[in-house]
Amino acid sequence: MDRSKIDQHSRVVVLTGAGISAESGVKTFRDNDGLWENYRIEDVATPEAFRRDPQLVWRFYDQRRKQLKTVAPNPAHHALAQLQAMLGPERLTLITQNVDDLHERGGSKAVIHMHGELLKVRCTRCRTITHTEADMLSDDQAETLPHCECGGLLRPHIVWFGEMPFEMDFIQNKLAECTHFIAIGTSGVVYPAAGFLQIARQIGAYTIGFNLEPPENHRLFDQFIQGKAGQQLPQWVNSLALQV
Ligand code: BV8
Ligand code: ZN
């Protein structure tokens, strides 16, 4: 039986990382050596950084949210939406490490943002989550911090280093029953996301990696397709369309 074949009986789990948004113009974490304004991202995207300097952390997320308005989905996002339409939402689970909304704008449904979303903020007191497109820091000199109606300080609805990613139970269940696991544009460095490939292999799923450069774990994939996701993914999905 050809394990690689994807058909209507397949259950596909896709994990995307910053590389799928790179051709849209969104910087990846490995770009400029993972630095933002000379800060290491691991030092800004943490609860400690937010406690220590909430204005700095809000500036970091306001700037990335603002950039979202200037970028658009690329052919890789559209190809994944096409694949989901072909297989149906029951047969394709899309998990992203990205906090941008490009999968949704590219047509994908029910996207699992395991590391949160740039366009959402959460109250640190009542935990209410609200959608926002606006800058959260006031642009006055004081850089007044945003607060909830309940008086609680608002934070980005983002999973920082040292925090538990979202939807892990759902993700584990989908990994436990998948027939195919496809990782796209991720360096496979950050856990627990980087461990999903191992879980998929252990249950016998057929695994495929798409990446510009061979990531550290590329030998673990049954198939590794090197190149830009915006070129490789549409080609691969179109070749599937003939089979499914
Ligand atoms: C947790 C939101 C515990 C923030 C993010 C030591 C060893 C092992 C693990 C750890 C350790 N010390 C600490 C840890 C745990 C830590 C971790 O893994 N650290 C790493 C740095 C070692 N993980 C955590 O802290 C996680 N939480 O462990 O909690 C816990 C347990 C119980 C109870 C409570 C807590 C939380 C991790 C989530 C952090 N938040 N994002 C924000 O966005 O601001 S992570 C962030 O970085 C991204 O979301 C993403 O996950 C990661 C970056 O990875 P990629 O997406 O892969 O991006 P990258 O730039 O690295 O790679 C891009 C790839 O694309 C490259 O390979 C490139 O070649 C390729 N590419 C480029 N262009 C293209 C392309 N490919 C195709 N086409 C192209 N055009
Ligand atoms: Zn509140």
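**Exercise 1.** Find which residues arginine 65 touches, not counting residues up to four places away in sequence.

*Solution.* Start with contact, meaning heavy atoms within 4.5 Å. By that test arginine 65 touches Trp58, Leu118, Leu119, Thr132, Glu133, Ala134, Asp135 and Met136.

A word on the model before we go on: it is predicted, so local features need pLDDT of at least 70 and side-chain atom pairs count only at pLDDT 80 or more, while totals for chains, interfaces and linings use all residues. Residues are numbered from 1 along each chain as its sequence is written, chains are lettered from A and ligands numbered from 1 in the order in which they are written, and side-chain values use heavy atoms, with hydrogens and water left out.

**Exercise 2.** Decide whether arginine 65 is buried or exposed.

*Solution.* Buried means under 20% relative accessible area, exposed over 50%, partly exposed in between (1.4 Å probe, protein chains only). Arginine 65 has 1% relative accessibility, so this residue counts as buried.

**Exercise 3.** Work out which classes make up the shell around ligand 1.

*Solution.* First, the shell: 32 residues surround ligand 1, and the closest are Tyr61, Arg64, Gly162, Thr186 and Ser187; a residue is near if one of its heavy atoms lies within 4 Å. Next, sort them by class: Ala, Val, Leu, Ile, Met, Phe, Trp, Tyr, Cys and Pro count as nonpolar, Asp, Glu, Lys and Arg as charged, and the others, Gly among them, as polar.
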